Amino acid sequence: MLCNAIALETNPRVGWERVQKIVKNVRDLCRARPRGDDEYRLFRMFLIDHGVVDADRSLDFLIPLQVSFNSLYEPIPEHLIRLGQVYLCPSCGWPMEINRHAVSCGAHWCEQTVGIFQWMDDELVSVRNAKIIPPHPAKNKYRLTPPLWTFTLIPGLLELRLRDGISRLGVSAELWPDVDQADLRFTLDDRTYSLDAKVWHSTKNLGLHLASTPFTETVIVIPDYHAQFLDTLNEQCGPKQIMSE
């Protein structure tokens, strides 16, 4: 998954355009629907909350959005299944790479937030707090496709943390306002702020990506574990403003 993440970020067209097409189609549809804001938010929240789904789960809400199940989810690869079981990342809910000394889903975000895991006898245990990770039956389970996981689910975890952190300050923050005009928007002292969460493995590739996009007043927010790269990113991408969580 590290190689996959590097490939997706080095050449975002490999997966980004596929993600953009799916999300853009849903977004455009929702903008023309009476309850489009709510429907779009439900769609985005579902992807963030469901790194893995059961094939028997009812996904009727996708029908009016003209999204097929197969465009979102794929069979879980055999190498991620152990004795008919999968082990889901406690952070993102994606199946973890179990045939490694240091077990994780492969996302830098998840390794930084919940750590890595190791096998002790037949149990998968957190290196950080010794918590045992329970297995889940793999039968009839599907995982979110890698591009959607990389560009939608993982950044969504930062988006939710930003919303919750701002809300704890007594400020109301809205996710994907006006059908995705921003990732997050809030008003403080009569001024409205828009945020765009970016969770990339490579800050170098992120900088190249941001430098090639048009300027907006939206503040780019990156995870705290990349805070040491803020000066470089702001110099590379000015006049865009980039901040850590």
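## Terms and model

Two strands are said to pair if DSSP finds at least two bridges between them. The structure described here is a predicted model.

## Overall form

The protein has 245 residues, and a compact globule with that number of residues would have a radius of gyration near 18 Å; the value for the protein is 19 Å, which agrees. Taken along the principal axes, the box filled by the C-alpha atoms is roughly 55 × 45 × 40 Å. The secondary structure consists of nine helices and 13 strands.

Buried residues make up 47% of the 245 in the protein. Among contacts with a separation of 6 or more, 56% are between residues 24 or more positions apart.

## Surface and charge

About 12700 Å² of the protein is accessible surface, and carbon and sulfur atoms contribute 51% of that area. Side chains counted as charged comprise 26 positive and 31 negative ones. The centres of these two sets lie 3 Å apart.

Strand 9, residues 173–175, runs antiparallel to strand 10, residues 184–188, and three bridges join them. Within this pairing, Leu175 has Leu184 of strand 10 as its bridge partner.

Strand 10 also pairs with strand 11, which covers residues 191–197; this pair is antiparallel and is joined by five bridges. Leu184 takes part here as well, with Leu195 of strand 11 as its bridge partner. Leu184 therefore has a bridge partner on each side of strand 10, given that a strand is a DSSP run.

## The hairpin turn

How many residues lie between strand 10 and strand 11 in their hairpin? There are two, and Asp189 in the turn has a positive phi of about 55 degrees.

## Strand 12

Strand 11 is joined by three bridges to strand 12, residues 219–222, and these two strands run parallel. Val219 in strand 12 stands opposite Leu195.

Definitions and conventions
Residues numbered from 1 in each chain as written. Predicted model: local features only at pLDDT ≥ 70, side-chain atom pairs only at ≥ 80, totals over all residues. Heavy atoms only, no water. Helix = DSSP H or I, 4+ residues; strand = E, 2+ residues; numbered from the N terminus. Rg over C-alpha atoms; globule rule 2.2 N^0.38 Å. Buried < 20%, exposed > 50% of the residue type's maximum accessible area, 1.4 Å probe, protein only. Contact = heavy atoms within 4.5 Å. Areas by Shrake-Rupley, 256 points an atom, 1.4 Å probe, with all protein chains shown as cover. Lys, Arg positive; Asp, Glu negative; His and termini not counted. Charge placed at Lys NZ, Arg CZ, Asp CG, Glu CD.
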